[in-house]
Amino acid sequence: MCCLSKQGERNLPIGEIIVTCATNRFDVWCLKFGVIWNLAGLNAPKILNPKPQTPNQESMRIGIVCYPTFGGSGVLATELGKALADEGHEVHFITYQQPVRLNVFNANIFYHEVRVPTYPLFDYPPYEVALASTMVDVIMNHDLDLLHVHYAIPHASAAYMAKQIVKQKNGRNIPVITTLHGTDITLVGKDKTYEPVVTFSINESDAITAVSQNLRDETFKSFAIRKEIEVIYNFVDVTRFNKKPIDAFRKVIAPHGEKILIHASNFRKVKRVDDVVKIFAAVRKEMPAKLLMVGDGPERPAIEELARDLGIDEDVRFLGKQEQMEDILAVSDVFLLPSEYESFGLAALEAMAARAVVISTNAGGLAEINVQHETGFLANVGDVSAMSSFAIDLLRDEAKLEIMKEAAYQQACRFDIKNIIPVYEKLYSRFCRMEPCK
Ligand code: GMT
């Protein structure tokens, strides 16, 4: 069985052992019986999957389509796939690039890259056509039981096309599950240019899920959806994020014991990152503090300039895109998320699992996870003054900060991966029964 089928890799069968070498990273990794050897330097083998991977009777072959980037939908889809593989299901990721969180070896995980050939005639290479064709190839050659697509555009319509092709080719009816994540509905999907295709392909999905009650309601408001939309909340692996702070790291960031505030996003307008900087400037006036800015995106240059204009740039650190969020969150006291809209706010949930108190807006589904005055604080969009006051009062009161950190953690536990994966499995098996499951 091969795992990663990315360009530039070689699968070398040696007797019964299959060794896969990937040369697309800094290090050369070799996989041997589920053990990774880092040939570039580390001596000790890293056992990545302690759980036995014996497929259970209900095991399914699941295709997952998502954006492979740092966006919330891609992160969630990847974590879902990894967890399903741990449960013994065979998971096939179909994306144009290896998903950022797909950083482990698991014999049940396969990766299929969507290649989009260019041609001088194409100003816009037809990604959706390439994606649908790759889906057909993977469904037929790996005998998938179902396709689960994350983010409607263009994944739901490409899945519809793939479904029709497979039906015509061999009479199989491959179930398609579409998970709506947020901006595919509230921003991009509503645009007249996309709306007819989005409405059609959502309606043609065998099952539709939304990541919050708010997103479900917004979808019914904006699109003529004829089917039920099930709410399956975002989840977090609490054991991964519940980490002890690394003292040395905290000292580097805040050498004099300053409070640490943090924001993480893709720095798009919808995140209102300027409000993060304004809130921090107000806090900074009252006490020594540091702000960590994780992520990158179009608003970053303007935000760096704003920090300089407000005279707080010395206390603001832009860390760029980071994979080890659990270590960064572990040293943080307050997570700021003043978004214009969040269907759910996965970044806030991860922060809560790491015991950071979330100060956010009450937009979208944020109030479904962040409980006012209990696990964190919420204010109207743009109410910088309220969010600043919440932060200042909290950071001045050490006892209250500790109580709220614990409450944030307890709330995150309700969204633990262990509680949500069985919900997806149940949904899959319902649709799997449309035709015999392997
Ligand atoms: O805006 C982002 O952070 C990216 C975006 C995505 O679709 O990749 O995130 C959306 O999906 C996440 C996972 O379901 C949600 O937790 C985010 O709230 C949602 N973002 C927005 O609604 C703006």
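A residue counts as buried if 20 or more other C-beta atoms lie within 10 Å of its own, and as exposed if 12 or fewer do. The exercises below apply this to a predicted model.

**Exercise 1. Classify Arg355 and His373 as buried or exposed, and state what sets their backbones apart.**

Step 1. Locate the residues. Arg355 is in the loop between α12 (346-353) and β17. His373 is in the loop between β17 and β18.

Step 2. Check phi. Arg355 is not a glycine, yet its phi is positive, about 65 degrees. His373 also has a positive phi without being glycine, near 65 degrees.

Step 3. Count neighbours. Arg355 has 23 C-beta neighbours inside 10 Å, so it is buried. His373 has 11 other C-beta atoms within 10 Å, so it is exposed.

**Exercise 2. Describe the protein overall: its helices and strands, its buried share and the sequence range of its contacts.**

Step 1. Take the elements. The protein has 15 helices and 18 strands.

Step 2. Take burial. Of the 438 residues, 44% are buried.

Step 3. Residues 24 or more positions apart make up 67% of them.

**Exercise 3. Work out the seven-stranded sheet: its strand order, its edges and its twist.**

Step 1. Write the order. It reads β8-β7-β6-β9-β10-β11-β12. The sheet is open and its pairing is parallel.

Step 2. Find the edges. β8 (109-113) and β12 (229-231) each have a single partner strand, so one side of each lacks a neighbour in the sheet.

Step 3. From one strand to the next it averages 25 degrees.

**Exercise 4. Follow strand β9 through its partners, its burial and the helix that lies across it.**

Step 1. Pair β9 with β6. Strand β6 (residues 61-65) runs parallel to β9, joined by four bridges. Gly63 has Leu147 as its bridge partner in β9. Val65 stands opposite Val149.

Step 2. Pair β9 with β10. Strand β10 (residues 176-180) is also parallel to β9, again over four bridges. His150 stands opposite Thr179 here.

Step 3. Inspect burial. Five of the five residues of β9 (residues 146-150) are buried. Leu146, His148 and His150 lie on one side, Leu147 and Val149 on the other. Both faces are therefore covered, as 20 or more other C-beta atoms lie within 10 Å of each buried residue.

Step 4. Note a backbone detail. The peptide bond between Ile153 and Pro154 is cis, with omega about -10 degrees. Pro154 is placed in α3.

**Exercise 5. Describe the shell around the ligand by its nearest residues, its classes and where its residues come from.**

Step 1. Name the nearest. Of 19 residues around the ligand, Gly71, Gly72, Ser73, Gly182 and Leu346 come nearest.

Step 2. Sort by class. Seven are nonpolar, eleven are polar and one is charged.

Step 3. Find the main element. Helix α1 (residues 72-86) gives the most, with four residues.

Step 4. Assign domains. Domain 2 (56-235 + 418-432) and domain 3 (238-415) each supply at least three residues to the shell.

Note on methods:
Residues are numbered from 1 along each chain as its sequence is written. This is a predicted model: local features need pLDDT of at least 70, side-chain atom pairs count only at pLDDT 80 or more; totals for chains, interfaces and linings use all residues. A residue is near a molecule or strand if its C-beta atom, placed from the backbone, lies within 6 Å of it. Helices (H or I, at least four residues) and strands (E, at least two) are DSSP runs, numbered from the N terminus. Ala, Val, Leu, Ile, Met, Phe, Trp, Tyr, Cys and Pro count as nonpolar, Asp, Glu, Lys and Arg as charged, and the others, Gly among them, as polar. Domain bounds come from an automatic or database domain assignment. Two strands pair if DSSP finds at least two bridges between them. Two residues are in contact if their C-beta atoms, placed from the backbone, lie within 7 Å. Axes are lines fitted to C-alpha atoms, for helices over the stretch in contact, and angles run from 0 to 180 degrees between N-to-C directions.
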